[in-house]
Each structure stands twice: as structure tokens, then as C-alpha cells.
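Subject: Structure for you to look at

Dear colleague,

I am passing on the structure below, and after it you will find my notes on a few points that I would like you to look over.

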Amino acid sequence: MPLFPRPASAAQQNAGAPTSGASRRNRKAGAVAAAVAAVMALSACGGGAAPQNADGTVELRFSWWGGDKRAQLTQEAIKQFEAENPKIKIKPEFGDWSGYWDKLATQVAANDAPDIIQMDEKYITEYSSRGALLDLSKYDIDTSKLDEAALNAGKGQKGLTGIAAGINAATILANPKVFEAAGVPLPDDTKWTWDDFGRIASEITAKSPKGTYGAAAYGTDEASLGVWLRQNGKSLYTSDGKLGFEPSDVAEWWAFLKQLSQKKAVPSASEVVEAEAAPLDQSGLATGKNGMAFWWSNQAPALEKASGGDLKILRFPTKTGKAADTELWYKASQFWSASSRTKHPQETAKFINFLTNNVKAGEALLADRGVYPNSDVRAAIQPKLTPADVKVVNFIDQIKDELGEAPAPPPKGAGAIQEIIKRYTSEVLFERLSPVDAGKKATDEMKSAISS
Amino acid sequence: MSAISELSSITRRKGKATAEEKKANKRDNKAAYIFLLPWLVGLGAITIGPMLMSLYLSFTDYNLLQPPEWTGLHNFTRMLSDARLHNSLRVTFTYVFVGVPLQLGVALLIALVLDKGLRGLPFYRSVFYLPSLLGGSVAVAILWKQIFGTTGLVNQVLAMFGIQGPGWISDPSTALGSIILLHVWTFGAPMIIFLAGLRQIPNMYYEAAKVDGASTLQQFWRITLPMLSPIIFFNLVLQIIGSFQSFTQAFIVSGGNGGPSDSTMFFTLYLYQKGFGQFDMGYASAMAWVLLLIIGVFTAINFIASKYWVFYDD
């Protein structure tokens with residue numbers, strides 16, 4: 001019985017399948033030999049030696065999280081890179097978000113980290129402050145064409161440890177089919193308020209078949225909380241790495257969610273818990289069970305593909321009904337980072353440079369990881385974008401003048417925040433805690449998570 | 001010559017071994033150790049080594065990315081004020097003390113029925129054993145999730161009778177119960193052991209009881225249970241140890257987070273989250289040793305208590 005089953009390892013095997021079987025076997029034999037040697041020496045840590053073959057080819061491991069669509073696009077980018085650099089082989093390792101971080105932590109601890117790591121803002125400080133990531137500014141990577149805010153998001157005490165892979169914004173995605181079936185018109189997202197959101201969502205629920213709800217519940221990640229706080233003049237984090245809000249702020253957020261739940265604007269507590277575990281393509285929005293849901297902008301094309309229909313990207317509602325008060329921001333969707341212990345920093349940097357600046361990479365990846373932060377690539381790939389991608393790019397352009405201040409980067413320990421939010425959201429939805437008590441307890445836990 | 005007879009001939013000749021035989025014995029021993037080597041290396045490198053390492057780590061602050069720092073008993077004192085840890089203990093104890101007796105009860109009941117000499121017994125035995133082979137697996141845990149979901153099989157059946165079932169595994173008040181049920185369902189392994197035990201009870205006791213006019217229930221209380229008590233004890237010890245360490249079911253059914261609201265947050269799951277999710281491997285190691293201690297204490301209690309209720313027929 002596997003003690004720590006991970007979907008990632010299964011995906012990895014699939015990913016390896018199309019590559020040549022012979023080299024895999026050799027590697028396997030090498031690994032077995034290395035393992036035996038390590039065991040003989042009775043050393044606890046087997047070294048993660050990156051193989052460099054006799055003919056001078058270098059193999060780099062590249063890990064990311066994401067679904068099928070991302071895997072296909074990324075494999076295509078890898079193919080393009082290998083065609084240009086026949087001496088460098090890229091070995092992909094990918095899996096779901098949920099298993100990704102456990103696996104990465106273990107690999108880093110075992111001195112076996114992948115060379116190129118897709119990184120998230122929640123964890124980048126955790127890894128970089130502890131010296132696990134390479135300072136990419138010391139290598140030959142052209143950052144002159146990058147959007148400045150996106151570039152800065154990857155900078156920290158230890159230098160440039162991540163290069164933004166794309167630009168994102170928090171959005172509400174709407175499924176027009178659900179609206180139509182319920183006979184409810186789509187809202188004007190430049191004018192709507194949170195009350196409108198609640199009213200529209202509960203109207204859809206009332207006029208839809210059983211099991212269909214107007215909106216998915218928020219409260220399963222920190223993005224929606226971040227928007228809410230910013231609209232109330234607060235923030236998730238402060239620039240000195242503390243929480244930027246009071247227990248009462250998050251209590252209000254949960255109180256509103258509880259109202260939505262009582263009005264049946266959002267699914268029942270049990271359904272919310274079940275939805276948390278569902279992957280993107282089985283989410284309520286993709287299966288037509290939710291009229292609206294909270295997603296990052298770059299996820300729209302994948303969700304459109306999964307839902308098999310058109311989706312509309314909406315701004316978050318506001319308190320005032322003015323789009324200028326939405327307080328959205330450009331987020332670096334993901335970062336390209338490199339392990340500080342990579343045996344081949346030059347080659348690794350070369351690959352990251354390719355992903356960042358090469359039009360061919362852009363043509364392969366399109367907008368799956370968000371809008372390209374490199375303005376040249378972005379312009380060059382415009383004609384190749386799918387209609388869904390174009391929608392995302394347009395949305396990002398549209399909100400440009402409404403953006404709020406760039407938020408402070410998540411501090412060390414921020415990786416635990418999402419889990420805390422989720423847990424107390426279900427406490428509130430199941431009415432085991434009042435929003436006020438949940439607010440107090442959650443804030444305490446968050447404080448200690450980021451202070452250690 | 002079979003291995004066993006060879007072995008016994010070796011032991012028989014022991015004591016009056018000539019020099020030559022001693023040499024041969026030595027050679028045999030050497031061969032034995034060589035054959036044992038893969039296991040010995042495994043024991044050292046994969047069990048004892050990591051265990052000692054984790055004992056060391058339990059006294060350190062270790063975040064996986066940087067070298068561990070010695071902090072003495074700090075991890076253990078932290079546990080005293082960790083409310084989530086206390087909750088995980090509550091969950092685990094509930095699971096063990098509700099799940100194990102239920103599972104053993106069901107196993108015994110089914111074993112008693114099967115022991116009555118049903119036609120096609122091997123078939124039924126296999127069918128009832130099947131869940132034990134599958135129950136700890138990821139696939140069944142995923143299946144369980146489907147069956148007990150808000151729109152799952154159970155609720156569909158309930159809906160036919162006009163009952164709106166809860167989301168069994170997504171509602172904090174029923175989630176742990178669903179996992180306990182999954183555990184009870186894997187009664188096959190203790191059942192097989194019970195069956196074997198029942199077969200060992202000499203028929204003459206029952207015949208004598210019948211002659212004296214004892215009812216079936218009396219026979220069960222006065223003969224079956226006492227005669228079976230060593231087997232019950234064996235199953236009890238095994239199941240308690242195993243249940244304290246359960247991980248897979250809760251991990252899969254709750255999507256790895258012990259939810260909803262920590263209602264299925266087993267001790268092992270919390271340990272895993274601390275170690276791999278929150279970069280707190282020192283604390284996780286300390287938790288592992290606490291679990292070892294807990295299991296040790298309960299096993300000891302079990303053995304001491306066994307003196308008062310287990311009957312050995314010799």
C-alpha cells in the first residue's frame with residue numbers, strides 16, 4: 001500500500017512514455033546502480049546527480065502543476081527548445097496542484113529538486129529565503145522586455161529568484177448558458193455591487209433545475225479574500241510581512257458568504273466541500289452547475305474547453321458599483337524558478353530565457369499561464385491566439401486603468417493560509433462557528449503561520 | 001530434501017559436530033547471511049536508519065530546506081498547546097475505539113455464519129475477504145467518495161424513499177462515521193483468522209453441552225467465546241496497532257486536508273501536513289514518536305488486560 005500516493009507520479013509516467021524507451025531504461029539502470037551504491041555506503045541521502053551523457057548532452061528536469069491542456073502546450077514548447085538546442089534534453093514532471101507542493105518540498109529536502117521549477121507567489125518567499133532558489137539575475141536571461149510589475153514580483157532578498165510566466169487577474173467567470181436557461185440577464189460588470197451579485201445568484205438558483213446554483217462559493221482560496229480586503233482599504237499582507245487586516249474584516253467577508261448561503265445563492269455547505277476537491281475540468285462552472293465562479297483569468301480558456309461552451313469574464317463586484325473601485329491587480333500567474341542546487345545553471349537559465357523571450361515558446365504556450373509578460377512575444381503571438389485567449393488578453397487590457405496598487409508579496413509561511421481559509425469557511429458554512437469567532441480564530445492561526 | 005527437513009537435521013546433529021561439520025556450518029551461516037543481506041540492508045537503511053534520524057529530528061527545528069537546528073524538547077512542549085493536534089487525537093481515538101470493536105464484531109458474526117458449513121463456503125469466504133484486499137487502497141477510497149457524495153449512490157437510494165441524505169463525507173458530523181464504515185467493511189482479514197480459530201475448537205465440547213441441554217446462546221458464551229479468546233486478543237492487538245496508523249483512507253476521502261473542518265484529521269494526516277505541507281518536519285518527527293509511544297502504551301495495556309480475559313486451553 002503506497003503511503004503517500006500522489007497523482008503526480010502517475011502523470012509523470014505518462015509524460016515519460018512518448019520519449020525514447022531506450023534512454024529511459026539506461027537512466028533507470030543508472031538510478032538503480034546509484035541507489036545500490038548509496039545503500040552500500042549506508043548514506044541516508046542519495047545524491048540527485050544530474051546525468052551528463054558521454055556525448056555532452058545535458059538533461060534538465062522541469063516540473064509544473066496544471067491540467068492536460070497545459071501539459072500539451074508545455075510539451076510543445078519543450079519540443080521547440082530541444083530542436084534549437086539539441087544538446088539539452090528537458091524531462092517534464094507534472095501533476096495536480098494538490099500534490100505538487102508536497103512533492104517539491106520532499107524533493108528539495110532530498111537534494112533532488114527539479115532544475116526548473118514552476119513556482120507560485122505563495123511559496124516563492126518560503127523557498128527563496130531559505131536559499132533553495134537560484135538568483136537568475138546572475139545568468140544570461142534577458143528581462144528588458146518584461147512588464148515591470150511582473151518582473152518585480154519575482155525579486156526578493158535573495159535576488160531575482162523567479163521570472164513571471166504570465167500575468168493574471170482575479171475574475172468571476174460566468175456561464176451564459178446557465179443564465180439563459182434561468183432567464184436571468186448577464187450583469188453589467190462595470191456597475192455591479194456585491195448585493196447585485198447575491199441577488200442575481202439567488203435568482204438563478206431559484207429559476208434553475210435542482211442542483212444548479214447561481215454562483216460557486218468564495219472562501220476556498222485567498223484571491224477572493226484579497227479583493228474583498230482591498231475594496232475595504234485593507235490588504236492580505238503588509239509590506240513588512242504581516243497580516244494587513246483585522247479579525248473583523250474577515251468576519252464580514254464570512255458573514256456575507258453566510259448570507260449568500262442562506263439565500264441559496266451558492267451551493268450547500270456539503271457541496272462546497274466536495275467542489276474544493278474537484279479538479280478544474282470537473283468544477284461546477286465547467287459542468288454547468290454554477291452560473292458564476294471565482295477563477296484566475298488564465299484559467300478561462302481551460303475552463304471554456306472543459307465546459308464546451310462560451311464563458312464570459314467579469315470584473316469582481318464592488319461596494320460602490322464603480323469599476324474604478326474593483327481594486328484588482330496584475331498577479332504573476334506563476335514564476336519560472338531554478339533550483340539553487342542545479343548542476344547545470346547555464347543550461348537551466350537558457351531554457352528559462354527561451355520560455356520568457358522566444359516567440360516560439362510563446363506560440364506554443366499562448367495564454368495558458370496568463371498573458372505573456374514580454375511585450376514583444378505578446379505582440380508576435382497575437383494572431384495565433386485562440387478566441388478564448390483573446391478574451392483573456394482583452395480583459396487584462398481592459399482593466400489596466402482600474403488597477404489598484406500592487407499588493408505586498410506573500411511572506412514566508414503564506415503557503416498555509418489557503419488551507420486555513422478553507423477550513424474556517426466550512427466551519428462557517430456548516431454553522432459550527434459564527435463569522436465573528438471564525439474571524440478571530442483564523443486570524444490567530446494565520447498570524448502564527450507567517451510569523452514562524 | 002525439503003528445506004524444513006534439512007533444517008531439522010541440522011539442529012539434530014548440533015552438539016556433536018565434528019570440526020569439519022563446524023566448518024560446513026560456518027559456511028552455511030555465511031550463505032544464510034548473504035541471502036539475508038538484501039533484507040538486512042533494507043532493515044538498516046530503510047527502517048532503523050530513518051528511525052534514528054527521525055528521533056534526532058524530533059528534537060530539532062527542521063524546515064526541509066535548511067539544516068536542522070537543535071531545540072531540545074520544544075517540539076514536545078508545543079504539542080501541549082496545539083489545539084489541532086488535540087483534535088486529531090480525538091479523531092484518531094474515536095476511529096480506533098469505535099471502528100475496531102465494530103469491525104471485529106462483524107468479522108466474528110460473519111465467521112460464525114460461515115462456520116456453520118454453508119455450501120460453497122470457499123466462494124463466500126473469498127467474497128467476504130475481497131474488501132480487505134481492496135479497502136486500504138486508493139481506488140476504493142475514491143469509490144467511497146463517489147458512493148457517499150451528496151449526489152452519490154447512497155443518497156440516490158435514499159431519494160427513492162423521499163429522504164434527502166446529507167453529504168456523508170463532506171459533512172463534518174458524518175464524515176468520520178463514513179470512514180469508520182469503510183474500515184468496518186474491511187473485516188475480511190480478522191474474519192479469516194476467526195474462521196480458522198473456530199475450526200480449532202473441538203466438537204466434543206459442543207456435543208457435551210448439547211447433551212446437557214445448553215442453548216445455542218449458552219454454547220456461544222460458555223464455549224465459543226472462551227475458546228476463541230486468544231484469537232480475539234490477537235485480532236484486537238493487530239487491529240488497534242493498524243488503526244492508529246491509518247492514513248490512506250482519510251487522505252483520499254478528504255482530499256488530503258482532513259476536512260471538512262478537521263473532522264477526519266487523523267493524527268497521521270496532521271503529521272503529514274505538518275511535515276510536508278508546512279515545512280515543520282521537526283514537529284512531524286516528534287509527532288511520529290508520540291504516536292509510537294501511544295501505540296506502545298495501548299499494546300501494553302492490551303497484554304496486561306489479556307491476563308484477565310484470555311483463556312489458553314493448555
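Among the elements that cover the buried residues of H14(B) are helix H2 (19–57), strand S1 (60–61), helix H3 (74–80) and helix H13 (267–277) of chain B. Please keep in mind throughout that this is a predicted model. The buried residues of H14(B) are B:Met281, B:Gly282, B:Tyr283, B:Ala284, B:Ser285, B:Ala286 and B:Met287. With its 29 residues, H14(B) reaches 42 Å from its first C-alpha to its last, which is close to the 42 Å expected at 1.5 Å a residue.

H11(B) has a kink of about 55 degrees at B:Ser229, shortly before the proline B:Pro230. The buried residues of H11(B) include B:Leu228, B:Ile231, B:Ile232, B:Asn235 and B:Leu236, and the cover over the buried residues of this helix includes H4, H8, H9 and H14 of chain B.

As for the contact between the chains, 32 residues of chain B meet 30 residues of chain A. On the side of chain B that touches chain A, the elements giving two or more residues are H2 and H13 of chain B, and H2(B) gives the most, with five residues.

With best wishes

Definitions and conventions. Residues are numbered from 1 along each chain as its sequence is written. Chains are lettered from A and ligands numbered from 1 in the order in which they are written. This is a predicted model: local features need pLDDT of at least 70, side-chain atom pairs count only at pLDDT 80 or more; totals for chains, interfaces and linings use all residues. The bend at a residue is the angle between axes fitted to the seven residues ending there and the seven starting there. Helices (H or I, at least four residues) and strands (E, at least two) are DSSP runs, numbered from the N terminus. A residue is buried if 20 or more other C-beta atoms lie within 10 Å of its own, exposed if 12 or fewer, and partly exposed in between; C-beta atoms are placed from the backbone. Two residues are in contact if their C-beta atoms, placed from the backbone, lie within 7 Å. The expected span of a helix is 1.5 Å times one less than its number of residues.
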